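I opened my notebook to get to know a new structure one piece at a time. Here is what I looked up, entry by entry.

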Amino acid sequence: MHESISHVSTGTTFSPEENPFQTVVVDITHRCNMECSNCYVPNRDIPDLDAQWFLDIIKRFPNRTRVRLIGGEPTVRKDLEEIVSSIRKMGHLPVLCSNGLKLANRSYSKRLKSAGLRTLHMSMNGGLEDALYEKVDDMACAERKLAALDVLCEENFFVTLGMIVVPGVNDHHVVDFFKYVRNRPQVREFHLRNVGPMGRYTEVPQLSFDGLVKLASEMTGLSSEQILAYRGKGEHYIDFSHDGIQIQLTDWPDLGNTYRGRLTPEGFIEPFMEHVIANQGGY
């Protein structure tokens, strides 16, 4: 099925055996059970990636790799448990990126954990408020997302929560939501990024990187100067630990990131964000 997907190369391509990235993103499906206002891969007409094909490629990676399963929404795949199990058996680390709607089903989440899933990234762009989800994700889903968060914490997953910060919409809620999740030790990471002008996105003035730093300062009590001192992996990317939680700030597009790659339809690995931008509106 992957043979039918055309894409534009970034010009920087690695074979699986040469993979230099600690994390490789795999778009296992373009189907989704949401139609968010912000989606960098909004094309729903691409068939699911053949599982055996991409698992055979992952098997060729030279080092232990975080294999980030994304979509669309990966939980719409009926074979997700088998995919997670296969990646774990290879010695790699499966990481699921999900909108969380299906994860409130405890039996489903427990099956994923039994298959070998330990780390999960869930988008919570509206935090605690339905009105914000309606504006950012075009769906009132706070109750379902918070129920999923309860399940993931109770089942002791390693949870990362991510928020797309839309100025004038949900930026005022970031600090309150961060206070809420700080009472949950299973939430190990909290990621903030601004609206990326790619795919389908909200037409608003993009929050500056300094704006993200200011929000992190309000969240943590650290000064902006203290937070900026952690900048070392890129001009517009900061990843630091504070009071037991990892905080990541990303100014999209995050170009030049040497930690994340993306599997191409031809079975090669290319830089993640560069590959997304090169294929906007298509693959």
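**Entry 1**

I began with G72, which lies in the loop between β2 and α2. Helices (H or I, at least four residues) and strands (E, at least two) are DSSP runs, numbered from the N terminus. A cis peptide bond joins G71 and G72, and its omega is about 20°.

**Entry 2: ground rules**

I noted that this is a predicted model, in which local features need pLDDT of at least 70 and side-chain atom pairs count only at pLDDT 80 or more, while totals for chains, interfaces and linings use all residues. Residues are numbered from 1 along each chain as its sequence is written, and side-chain values use heavy atoms, with hydrogens and water left out.

**Entry 3: the whole protein**

I looked up the secondary structure and found 9 helices and 10 strands. The C-alpha atoms fill a box of roughly 45 × 40 × 35 Å, taken along the principal axes. How does the radius of gyration agree with that of a compact globule? For 283 residues such a globule would have a value near 19 Å, and the protein has 18 Å, which agrees. The radius is taken over C-alpha atoms, and the globule rule is 2.2 Å times the number of residues to the power 0.38.

Next I checked burial: 54% of the 283 residues are buried. Buried means under 20% relative accessible area, exposed means over 50%, and partly exposed is in between (1.4 Å probe, protein chains only). I also looked at contacts, meaning heavy atoms within 4.5 Å. Among contacts between residues at least 6 apart in sequence, 70% join residues at least 24 apart.

**Entry 4: helix α2 and its surroundings**

Which residues of helix α2 (residues 80–89) are buried? I found L80, I83, V84, S85 and I87. These buried residues pack against α1 (51–58), β2 (66–70), β3 (93–98) and α3 (106–115). After α2 comes G91, with a positive phi near 95°.

**Entry 5: α1 beside α2**

Two packed helices are described by the angle between their axes and the distance between the axes. The axes of α1 and α2 come within 10 Å and cross at roughly 15°, so α1 is roughly parallel to α2. Axes here are lines fitted to C-alpha atoms, for helices over the stretch in contact, and angles run from 0 to 180 degrees between N-to-C directions. Angles under 35 degrees count as roughly parallel, over 145 as roughly antiparallel, 65 to 115 as roughly perpendicular and the rest as oblique.

I looked up which residues meet: A51, F54, L55 and I58 in α1 with I83, S86 and I87 in α2. By class, this contact has 6 nonpolar, 1 polar and no charged residues. Ala, Val, Leu, Ile, Met, Phe, Trp, Tyr, Cys and Pro count as nonpolar, Asp, Glu, Lys and Arg as charged, and the others, Gly among them, as polar.

**Entry 6: α6 against α7**

Helix α6 (residues 174–181) and helix α7 (residues 209–220) pack at an angle of about 45°, with their axes 9 Å apart, which means α6 is oblique to α7. V174, V175 and F178 in α6 meet L215, E218 and M219 in α7. I sorted this contact by class and got 5 nonpolar, no polar and 1 charged residues.

I then turned to K179, also placed in helix α6. Is K179 buried or exposed? At 54% relative accessibility, K179 counts as exposed. The C-alpha atoms of K179 and T29 are separated by 33 Å, and the two are 150 residues apart along the chain.

**Entry 7: positive phi in two aspartates**

D138 is not a glycine, yet its phi is positive, about 60°. I found D138 in the loop between α4 (130–136) and α5 (142–154), where D138 is exposed with a relative accessible area of 53%. D243, another residue other than glycine, has a positive phi near 50°. The loop between β7 (237–242) and β8 (245–250) holds D243, and D243 is exposed at a relative accessible area of 60%.

**Entry 8: a buried threonine**

My last stop was T23, which lies in strand β1 (residues 23–27). T23 counts as buried, at 10% relative accessibility. What does T23 touch, not counting residues up to four places away in sequence? I listed T65, R66, R68, Y259, R260 and G261.
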